[in-house]
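Let's take a walk through this model together, chain by chain and then across the boundary. Please keep the viewer open as you read.

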Amino acid sequence: MNPWLFFFRTELGISWRERRRVMLPLVFFSIVAFLFPLTLNPKGHLLARMAPGIIWVDAMLAVFLGLESLFRHDHEEGILEQWVISPTSLELRVLFKVASFWTVTSLPLLLVSPLLVLWLSFPLRGLGILMVGLFLGTVTLCFLGALGAALTLTLRQSSMLIAILFLPIATPILIFGAHSAVLAARQLDPRPALYLLATLFFLTVGIVPKAISAALRISYET
Amino acid sequence: MSKGPSLGLEARALELRRGRRLLARSLSFTVEPGNYLELTGPNGSGKSTLLRILAGLGRLETGDVFWNGTAFNPQKEECHHARTLYLGHTDGLKGLLSIRENLRLFGTLRGIHDPVDEIEKGIGFYGLQHLKQVVCDRLSQGQRRRAALARLHAFPASLWLLDEPTTALDREGVERFFSHFRLHLERGGMALVATHQSLARWITPAGEIALGRSP
């Protein structure tokens, strides 16, 4: 098997073995989303208008809660330092690592989003755009969050610092993401918002692995 | 005094620092093929720092490093990473994977396509056959160390940078390690070994780098 595919598969296998820790935030936030219709007045389309926002904040929090441990275990076990001095590409390894992180934190949410849409009585015609937007947005969020995690790797109590780094950067993605779904639900053209998300997606996937690699190298220099 | 290009690894006028504190100044040494140097000194004298710089983890601030007479930057040179194996304080094993899975994962780091035979040989050499399916979190300290050393066996490299390689090993493990180490040197390999116990009773080093004398 291709070594990169093997690496990706192994990372997924590790997440599967610690699935309780990895998946719990996601389960928690899905339950939170399911609580909204029970606690808000279901009449008056308030829920339908809030739905994209709820789902997007859910997605963002699911990514955010996993960030602190994204590199932490590999760092403590001495795996990351072997990455840094390996003769193979660190950038590509980071790319696959974040891809596996996305697969365990965001893909399940993407898969349950149709259910959430029904539950929150969001117009079904907005579902397709919501899912495309979620895909583009969560990948971007994972890479940007991973950069925050790499920058704060050697600091104690880094989760607060990651939050301060991550949340402002996440805001525009959430705005455009939720907005694209709202536009689609109102049968307006969602493409401007989606194009912006797509631009951020390609920029992030192209550039951020390099930045993460540099951050990891620097954290081992001292 | 000018020297011709020497084979092996040579360091000239290195300076070791931790933070702003100067640990050693104008450190020069040469390791030739088939030889190894012992790295001694009290705790905190910079043994690990030196190994990390040579491995390409730490930054080389002052001084030069040469390979077969050619200067290079250990942090940047990919071919240096390919010819070097660094074993630090941590074993570099994923606790949730078995020994065999860990070695296969390490193979992807070295860019080697699924070296099944080598891995089995490494596991066998360190007497871990019966444990190869066990998740590393369940292993004892010494067993983990053996698994880390099996990496040296499965993935040959010309330069070993070892930080206290025999910690937690039992007597039999130490013997296995040194018989492998001897073989490594006979094949023209090189090594720098940071240690608190003299290794001379196993294999005589070509020299000693004594750190920790006031710089």
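Is A:L35 buried, partly exposed or exposed? At 42% relative accessibility, A:L35 counts as partly exposed, where buried means under 20% relative accessible area, exposed over 50% and partly exposed in between, with a 1.4 Å probe and protein chains only. A word on conventions: this is a predicted model, in which local features need pLDDT of at least 70, side-chain atom pairs count only at pLDDT 80 or more, and totals for chains, interfaces and linings use all residues. Residues are numbered from 1 along each chain as its sequence is written, chains are lettered from A and ligands numbered from 1 in the order in which they are written, and side-chain values use heavy atoms, leaving out hydrogens and water.

A:L35 sits in helix α2 of chain A; helices here are DSSP runs of H or I with at least four residues, strands are runs of E with at least two, and both are numbered from the N terminus. Together with A:L24, A:V27, A:I31, A:L38 and A:W119, A:L35 makes a nonpolar surface patch of about 590 Å². Such a patch joins nonpolar side chains (Val, Leu, Ile, Met, Phe, Trp, Tyr) within 5 Å, from residues with over 30% relative accessible area and no salt bridge. Helix α2 (residues 19-39) gives the most to the patch, with five residues. An α-helix has 3.6 residues a turn, so residues three or four places apart point the same way.

Now step back to the whole of chain A. Chain A has 10 helices and zero strands, and 51% of its 222 residues count as buried. Its accessible surface comes to about 10300 Å², with 72% belonging to carbon and sulfur atoms; areas come from the Shrake-Rupley method with a 1.4 Å probe.

Chain B is built from six helices and nine strands. Its radius of gyration, taken over C-alpha atoms, is 17 Å, close to the 17 Å that the globule rule (2.2 Å times the number of residues to the power 0.38) gives for 215 residues, so chain B is as compact as a globular protein of that length. In chain B, 53% of the residues count as buried. Eight of the nine residues of helix α1 (residues 47-55) of chain B are buried, so this helix is largely enclosed by the rest of the structure. Just after α1(B), B:G56 takes a positive phi of about 100°.

What holds the interior? The largest nonpolar core has 129 residues, and A:I212, B:F29, B:F177, B:F181 and B:L192 touch the most other members. A core here is a set of buried Ala, Val, Leu, Ile, Met, Phe, Trp, Tyr and Cys residues joined through side-chain atoms within 4.5 Å. Helix α8 (residues 127-151) of chain A gives the most to this core, with 12 residues.

Finally, look at the charges. The whole structure has 19 salt bridges over all chains, each a side-chain nitrogen of Lys or Arg within 4 Å of a carboxyl oxygen of Asp or Glu. In one of them, B:R59 meets A:E221 at 2.9 Å, N to O. This pair crosses between chains, from the loop between α1 and β4 (64-67) of chain B to the segment after α10 (191-219) of chain A. B:R59 is partly exposed, with a relative accessible area of 43%. Within chain B, B:R144 and B:D91 form a salt bridge at 3.6 Å, N to O. B:R144 lies in helix α5 (residues 141-154) and B:D91 in the loop between β6 (84-87) and α3 (99-110), so the pair ties together parts that are 53 residues apart in sequence. B:R144 is buried at 15% relative accessibility, and B:D91 is buried at 7%.

Terms used: Patch = residues over 30% accessible without salt bridge, like charges linked within 9 Å, V, L, I, M, F, W, Y side chains within 5 Å.
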